[in-house]
Amino acid sequence: MENFYVTTPIYYVNDKPHIGHAYTTLLADILARYRRLLDEPTFFITGTDEHGQKVQKAAEANKMTPIEQCDNTVVRFKELWDKLEITNNDFIRTTEDRHKRIVSEILQELYDKDLIYKSEYQGRYCVPCERFFTEKDLDEKLLCPECGRETEEIVESNYFFRMSNYQDWLIKYIKDNPSFIQPSFRANETLGFLKRPLEDLCISRPKSRLSWGIELPFDKDFVCYVWFDALVNYISAVGYKSDEDKFRKWWPASYHLIGKDILTTHTVYWPTMLKAMGLEMPKTIFAHGWWLIGDSKMSKSAGNVVNPMDMVEKYGVDAFRYFLMAEMSLGQDASFTEEAFITRYNSNLANDLGNLTSRVVKMLFKQREGVLPAPGEMTDAEIIIKEAALTAVNAMEDAIVNMKLDRGIEEVMNAVRAGNRYLEQTAPWNLAKNGETERLNTVLYTTAELLRVISGLLVPIMPEKMLKLRKSIGLTTDQVNIKDLKNWGVLKAGSNCIDAGPLFPRVDIPKQDNNKKKNNSKKKVEKKQENPVGLITIDDFFKAQLKTAEILEAKKVEGADKLLLLQIAIGEDKRQIVAGIAQFYSPEDIIGKKIIIVANLKPAKIRGIESQGMLLAAKNKKNLTLVTLSDDTPSGLSVG
Ligand code: MSP
């Protein structure tokens, strides 16, 4: 059995945590919980990145020493992780001795091997990102390519890590190991970055400019660059150079989970550092997308930062955990609004899952005094439910291993909906009225058994509510094992159930204040008048990710004259698209065609089939022509 070691980025302590931090940590937590459910030895760490200019500046602004700033802010992170029921096995702070000692030893070792050398640096520097740039990296305004803020001209002596030594090796490693950087389009981004000569990495800061950092062991006038220091957390936390057995057990990491903005540091700096140290590469660096607030970037200046604590206070921890996991397709950006949150909560949790549970539990109490009855013979209707449960277990297992969590959740919700349909078909309330005792027992037991599997699959996502659900069908534990979930008939007849009331009470979407509404519509009108022909900016255009794709398979969608179901490849990524082109193309006409698709469109269900993108076509009412490319165009290229 493989060991599973998962990490989150370690968070800067210049400010309190927001929804982006909460998301990665929740994702790691949920993956770790699932791996434990699969019986895999699991280690999950998170922590805080406490050195560097950002933290020093925040400390100055708050009139504190840097360590006071760290000690104060780290509490906010730890409180949030407690509140969100995060099950990390360790929490690493880069100001701890166990970490600083290892960074120092690594620096000395690389210096002794002449992999770190001193030289003069001249170039542009972005203070908030703590990154150096050469002028060719920047536009004419010399703004930081990462954050868009002004960069400063800097000339100083510094120490450099010979990162350039590893450029050819890294390119080959990424190409030879398709699972190393995920999703695959991120690997292409890194390979794109590596097309230009890789420069050596400046890994020091003179104390005269920045004193808050780990001192270089070979020059006390300098501290270590914060990224070099921070990345080492992934190995210092699991015993590198301090506990060999522990290190051997957990390294290499199974997953480094990161946000897309810190791809280069993790897929270029970190692998070359590890290579220089003679260590194995992490198995997968997985970059997720960003949470947008509506369609805007979240930022303090826009005043739209979502505080996870507020959401948890309002809607409860489980609903928050569920929403974040169900709403974001891993790898893509997602949009957060309170309205979307409530809509999903009401439809998936209050209506589908909450209703299924309450219908069964109410019947168990009304008809069977809260004791689970033994089932009679299974009919086809029960076999369908048993199969729906097994399909959900297999889909979730697959989703976890392939990082498609939202799809796994969707399959579990399909099983919930199958349960509700089963109740409508079998109508246990009528069975009770007609005195069909054995049939009623079978229906109640079958639905409870389905809920056992569903709740087991959702324990990692909603630990509190799922324990409550499990108690309501006579279980006493939230300890779940995948083998049990694949079995049927596990619930013991005669168990006592508990009716603890509604699991997910409905929530109303807050009514917008009338004045606000009026103002909003006024604003919309004003906007239209400013831009009467609906011009968009280049930024608007680039929101749509257009990619080249190849049609691998095509078939008609049964019962829908206009639809074809296409299986397509976008580079290594495979997707399906439901396209309204059946009246213009037959499946055999278009297999093998190279087309352009919108790759970041939110998946939608069309006639019950998920469509994961949209293809481009020119059309009017009578004609439709696919936008096609020459046969030798590779799939997966960006268009724009
Ligand atoms: N300290 C570095 C990481 C060092 S890891 C060795 C850092 N810290 S951070 O606090 O600024 O950001 C941490 C993570 O939050 C990043 O992965 C970033 O992508 C993520 N997010 C910040 N805003 C986000 C959203 N709006 N949405 C999702 N995640 C985002 O970078």
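With which side chain does the side chain of His288 make a polar contact? The partner is Thr24, at 3.0 Å. This is a predicted model. The structure holds 29 aromatic pairs. A shell of 23 residues surrounds the ligand.

**The ligand and its shell**

- Among the 23 residues around the ligand, the closest are Ile10, Asp49, Gly259, Asp261 and Trp291.
- Asp49 places a polar side-chain atom 2.7 Å from a nitrogen atom of the ligand.
- Gly259 uses its backbone instead: an N or O atom there lies 2.9 Å from an oxygen atom of the ligand.
- Tyr12 also takes part through its backbone, with a polar atom 3.2 Å from a ligand oxygen.
- On its own, the ligand has 670 Å² of accessible area, and the protein covers 93% of that.
- H7 gives the most, with three residues.
- Sorted by class, the shell has 13 nonpolar, eight polar and two charged residues.

**Two aromatic pairs**

- A pair of aromatic rings is described by the distance of the centres and the angle of the planes.
- Tyr159 and Phe222 form an edge-to-face pair, 5.3 Å centre to centre, with 90° between the planes.
- This pair links distant parts of the chain. Tyr159 sits in strand S7 (residues 152–161) and Phe222 in strand S12 (residues 219–224), 63 residues apart.
- Tyr159 has a relative accessible area of 4%, so it is buried.
- Phe222 counts as buried too, because its relative accessibility is 7%.
- The rings of Tyr315 and Phe341 have centres 4.8 Å apart and planes at 40°, so this pair is tilted.
- Tyr315 belongs to helix H11 (residues 308–315) and Phe341 to helix H13 (residues 338–368), so the pair ties together parts 26 residues apart in sequence.
- Tyr315 is buried, because its relative accessible area is 15%.
- Phe341 is buried as well, with a relative accessible area of 1%.

**A ring cluster and charges over rings**

- Ring pairs join eight named residues into a cluster: Tyr5, Phe43, Tyr234, Tyr240, Phe247, Trp250, Trp251 and Trp270.
- Lys78 lies over the face of Phe91, at 4.8 Å from the ring centre.
- Arg209 lies over the face of Tyr125, also at 4.8 Å from the ring centre.

- His288 is found in strand S14 (residues 284–288).
- With a relative accessible area of 5%, His288 is buried. Its side chain makes the polar contact with the side chain of Thr24.
- Leu450 is found in helix H17 (residues 437–458).
- Leu450 is buried, with a relative accessible area of 1%.
- Where does the chain bring Leu450 relative to Ala388? The two are 62 residues apart in sequence, and 8.5 Å apart in space, C-alpha to C-alpha.

How values were computed
Residues are numbered from 1 along each chain as its sequence is written. This is a predicted model: local features need pLDDT of at least 70, side-chain atom pairs count only at pLDDT 80 or more; totals for chains, interfaces and linings use all residues. Side-chain values use heavy atoms; hydrogens and water are left out. Rings of Phe, Tyr and Trp (its six-membered ring) pair if their centres lie within 6.5 Å; planes under 30 degrees apart count as stacked, over 60 as edge-to-face and the rest as tilted. Helices (H or I, at least four residues) and strands (E, at least two) are DSSP runs, numbered from the N terminus. Buried means under 20% relative accessible area, exposed over 50%, partly exposed in between (1.4 Å probe, protein chains only). A charge sits over a ring if NZ of Lys or CZ of Arg is within 6 Å of the ring centre and within 35 degrees of the ring normal. A residue is near a molecule or strand if one of its heavy atoms lies within 4 Å of it. A polar contact is a pair of N or O atoms within 3.5 Å; within protein, one must be able to donate a hydrogen and the other to accept it, and residues adjacent in sequence count only if both atoms are side-chain atoms. Accessible areas come from the Shrake-Rupley method with a 1.4 Å probe; for residues, only the protein chains shown count as cover. Ala, Val, Leu, Ile, Met, Phe, Trp, Tyr, Cys and Pro count as nonpolar, Asp, Glu, Lys and Arg as charged, and the others, Gly among them, as polar.
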